[in-house]
Amino acid sequence: MAKFVPCDSSVPGSSTSTMMYRIADKSFNVWFNSPAVKSSLLGRAVDETQEKLKTDVIVPADSAEGVTHKFSFRIEAFQALAKLEYTGWMKAAINYDAKAAATDVSFKEKLFSDKELVLSHKGNKEQGLSMIGLAWQW
């Protein structure tokens, strides 16, 4: 049941049609990611298409102490997502979800060997949320 029904179903302002759309979307994703569909002709065609929509651009450091810059572009057409990630001086990511018309931007800067300062902003046509946080690895 948890695979199909969103756990955050009590989100204020959620309409019945929005909830039905989310249940249908989750159900489709579970079906599409099943082993039977993934190994079918349709599943393989979708995976091939997704792979062709990925590009990495790497700008190597010009010295041993220099910084290598990497830009990763991803378009996940069947999920209606576009992603841009940067690693180099810091880590940054921009994600756009066309289904939700929402954008998520985040910047991460390493403070210590296991801690990062995280600045993020999530927004859509109705609201925006900016956050500052501290993340660490165990």
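**Group meeting: strands, hairpins and a few residues of a predicted chain**

A hairpin joins strand E5 to strand E6 through 2 residues, where strands (E, at least two residues) and helices (H or I, at least four) are DSSP runs numbered from the N terminus. Before I go on, please keep in mind that this is a predicted model, in which local features need pLDDT of at least 70 and side-chain atom pairs count only at pLDDT 80 or more, while totals for chains, interfaces and linings use all residues. Residues are numbered from 1 along each chain as its sequence is written, and side-chain values use heavy atoms, with hydrogens and water left out.

E5 and E6 run antiparallel and are joined by 10 bridges, with E5 covering residues 102-112 and E6 covering residues 115-124; two strands are said to pair if DSSP finds at least two bridges between them. Within this pairing, Ser-106 has Ser-120 in E6 as its bridge partner. E6 also pairs with E7, residues 128-136, again in the antiparallel sense and over 9 bridges, and here Lys-122 has Leu-129 in E7 as its bridge partner. The hairpin from E6 to E7 passes through 3 residues.

Ser-120 is found in E6, and at 14% relative accessibility it counts as buried, since buried means under 20% relative accessible area, exposed over 50%, and partly exposed in between, with a 1.4 Å probe and protein chains only. Which residues does Ser-120 touch, not counting those up to four places away in sequence? They are Val-105, Ser-106, Leu-129, Ser-130 and Met-131, where a contact means heavy atoms within 4.5 Å.

The loop between E6 and E7 holds Gln-127, which counts as exposed because its relative accessibility is 58%. The C-alpha atoms of Gln-127 and Leu-81 are separated by 19 Å, and the two residues are 46 apart along the chain.

Is Glu-76 buried or exposed? Its relative accessibility is 18%, so Glu-76 counts as buried, and, leaving aside neighbours within four places in sequence, Glu-76 is in contact with Gln-50, Leu-81 and Lys-83.

One backbone angle deserves a remark. Most residues other than glycine have a negative phi. Ala-101, however, has a phi near 50°, a positive value in a residue other than glycine. Ala-101 is placed in the loop between E4, residues 91-97, and E5, and it counts as partly exposed because its relative accessibility is 35%.

Turning to the chain as a whole, the secondary structure comes to 3 helices and 7 strands, and from the N terminus the order is α-α-α-β-β-β-β-β-β-β. The radius of gyration is 19 Å, whereas a compact globule of 138 residues would have a value near 14 Å; the radius is taken over C-alpha atoms, and the globule rule is 2.2 Å times the number of residues to the power 0.38. Along the principal axes, the C-alpha atoms fill a box of roughly 55 × 40 × 30 Å. Of the 138 residues, 14% count as buried, and among contacts with a separation of 6 or more, residues 24 or more positions apart account for 9%.
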